[in-house]
Every structure is written in C-alpha cells, then in structure tokens.
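Visitor: I would like to learn how to read ring pairs and helix packing in a model. Please take one feature at a time.

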Amino acid sequence: MMLRNAAGRRAVATAATAVSLALALTACSGTTKDSEDRGGAKAASNAKADPDAPLKKGLKLGFLPKQINNPYEKIVDEAGIAAAKEYGGTGKEVGPSDANASSQVSYINTLIQQRQDAILIAANDPNAVCGPLKQAMKKDIKVVAYDSDTAKDCRQLFINQASSEEIGRSLVQHLGEQIGHKGKIAILSATQNATNQNTWIEYMKEELKLPAYKDMELVKVAYGDDADQKSFQQTQGLLQAYPDLKGIISPTTVGIAAAARYLSDSSYKGKVVLNGLGTPNQMRKYVKDGTVEQFSLWNPEELGYLGSYAAAALASGQITGAEGETFKAGKLGEYTVGKDGEVILGEPTVFDAENIDTFNF
C-alpha cells in the first residue's frame, strides 16, 4: 500500500522494476557443511501451503530491529505488535542497543529458546545472522526479514518497503534535479554491512553512470552507523573535506536527521542540498526552516503491519514463501509473494512543505 495525499503528493520519478535485495547478497559463510547449512530452508521448501487455513490463535512473534533505540524501527515494530493482536497473537520487540554485524545473534538464540512461532528481523548484516536463523527454521520457527534483508536462504520471506532499484535511483534523480545535475555529492549511510543501504547505494551508483549525471561526482560514502552523534560528526567531516560539496544523500532516518541538524546551524544551510529517507515528524522542522526541501519514505506502520500478517500466514501454513503464493494482510488487502520470497509493500512518497503536515509518524 502506498501513502496517499491528493493535494501535495508527488510520485517518485521512475517506476523501476522491482528487484529483490536478496539477488545482491552472497551465500552465508561458515564452517558448516552445505547439506546441513541449508537444512532449514530445504525443509521450508518441502512444505505445502494451504491457502484456506485459518490464522492460528495465540501465535508468538519476536521482532528484532537493527537496534532497539532506532525511532523508525520502533514505529515498524509497534505496528507489527498491534497487528498481532488483531488475529489473536502476541508480539514483542527485543534487540541490541548498537547496530554491529553480530549484535543480533544472541537475541535470535534467545527467541529460539523461547519457542517463538516467528522471528521478524531487520538484519544489520546479511550473513552474520544466518547460522542461528537457520537453526530457528529447523525448529519450525518461521523467519521473516523486513526493512533490511538477510541472505535469501536464511529466511522464508523478505518484506521490502519498496523496489530497491526505485529507491536508489529516485534519490539520485531527486538530488540531481535540485543541484542542476552539477557538482560533488556524498552519501551518508548507516553501517557498512547494512543490506538495504548497500543495495540502494549500488543502484545510486548505477543511476550516476547515466549521461544526465556526467557533471556530478560521488566523492565519498560515509558511515554513521545509525548513531545520531556519529552521523552528525560524519556530516561535519564531509563538509570539512569537501567544502564545495553540493549535495548529500542519506538513505537512513537517523542519518538524514543528524545531517539536517548539523546543516541547520551551519553556514552550509541553503547551500548544500540534503535528500534521503526520513520520517515526517523528525524532518518537519528542517523542511519548515528551509534546511531540507524534500525527502522520501514509505509508511513504516504499514511495513510492520504487513510483516506481522506475513509471519502469521507462514506460521499458519497459508503460505510457505514460494513465488506466486498470496495471503491477506488485514486492512492492507492481498499480497503476492515474489521472486526469492520478496513481498513489496508499495511505492515511496516524497514529502515537502506542501504535504508534510498531512502525515503524523
């Protein structure tokens, strides 16, 4: 489902073909034998779907965000937990306070011990979480990645907020228009291993190869680790290293807010264009004070809601994660499982001064 606003909403510039994040990922590494390593995914592929099966009552869902104090992921998880109540289940959010590659592993192990019916994870690293997630699947605990994917054989479904290609390319398109397709630009990302960030950045680089961007130069990809203060410092460092920088793309809600905060109190306000992904509530003041002209995002509440219903459909046997299967996601309607278990929420929305006050999240 996409966000809607008839008066002020501007559609994303390109309707690109949906491409699974999982295609860009390598297989999980480790010392486990391949036949053992793929046991969970193989068992899942042999299961039979019963689309007429009712959603089971009393399902237990564990939501594992990149980090527990990320305000964006808090919105996603709380919406998923609320959705679980609609179908008679329960959900809880657990997770680390940092976004390091291996920081989620101990929480997965705990959720396995607690015999959750499904684990929903926004992966900090596509491969670091694979071992315990495969153990979960072997124990018939369903695994749904959301927001940031794992390697594809480490989960049954990936709930993608929008087409990865569309997100990456559109951010470059928007920034290019704002700076007249000329000048040096930088990217302020989250962690170096974040699956969604890296996939979007690859599409940004592909877009920049087109003739329209021949006068634009990507000078640096910086990493703020989804930490507010580090993202703030990275923004400062970018502008010190490249005083003639024309624009910054930050495809992370923590990063774009920190960058906006720095720019708003600096001499670069109004001179350096900031674009990326953020929530209306965190970015509203920066739009209104002229620091940021526009940014994009999908509805994080709908992402969590869809993930919750997808996990319930898996745990109830309605679907197995095979391409072409369909399931109903409550008030959002029916969704179809795509290639490699990807389910796409919808198309992102561009927020600006005209429409930002019509949204509250």
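Guide: Note that this is a predicted model. Phe327 is buried, and Tyr335 is buried too.

Visitor: How is a pair of aromatic rings described?

Guide: The description uses the distance of the centres and the angle of the planes. Here the ring centres of Phe327 and Tyr335 are 6.4 Å apart with the planes at 25°. Planes under 30 degrees apart count as stacked, so this pair is stacked. The structure holds 11 aromatic pairs.

Visitor: What kind of aromatic pair do Phe359 and Phe361 form?

Guide: Phe359 and Phe361 are edge-to-face, at 6.5 Å centre to centre and 85° between the planes. Phe359 has 9% relative accessibility and therefore counts as buried. Phe361, at 8%, counts as buried as well.

Visitor: Which residue lies over the face of Tyr305?

Guide: Lys331 does, at 4.9 Å from the ring centre.

Visitor: Now the helices. How are two packed helices described?

Guide: By the angle between their axes and the distance between the axes. For helix α6 (residues 164-178) and helix α7 (residues 195-208), the axes come within 7 Å and cross at roughly 50°. The two are therefore oblique to each other. The crossing of α6 past α7 is right-handed.

Visitor: Which residues in α6 and α7 meet?

Guide: On the α6 side they include Ile167, Leu171 and Val172. On the α7 side, Trp200, Tyr203 and Met204 are among them.

Technical notes
Residues are numbered from 1 along each chain as its sequence is written. This is a predicted model: local features need pLDDT of at least 70, side-chain atom pairs count only at pLDDT 80 or more; totals for chains, interfaces and linings use all residues. Side-chain values use heavy atoms; hydrogens and water are left out. Rings of Phe, Tyr and Trp (its six-membered ring) pair if their centres lie within 6.5 Å; planes under 30 degrees apart count as stacked, over 60 as edge-to-face and the rest as tilted. Buried means under 20% relative accessible area, exposed over 50%, partly exposed in between (1.4 Å probe, protein chains only). A charge sits over a ring if NZ of Lys or CZ of Arg is within 6 Å of the ring centre and within 35 degrees of the ring normal. Axes are lines fitted to C-alpha atoms, for helices over the stretch in contact, and angles run from 0 to 180 degrees between N-to-C directions. Helices (H or I, at least four residues) and strands (E, at least two) are DSSP runs, numbered from the N terminus. Angles under 35 degrees count as roughly parallel, over 145 as roughly antiparallel, 65 to 115 as roughly perpendicular and the rest as oblique. A crossing is left-handed if the near helix is turned anticlockwise from the far one by less than a right angle, and right-handed if clockwise. Contact means heavy atoms within 4.5 Å.
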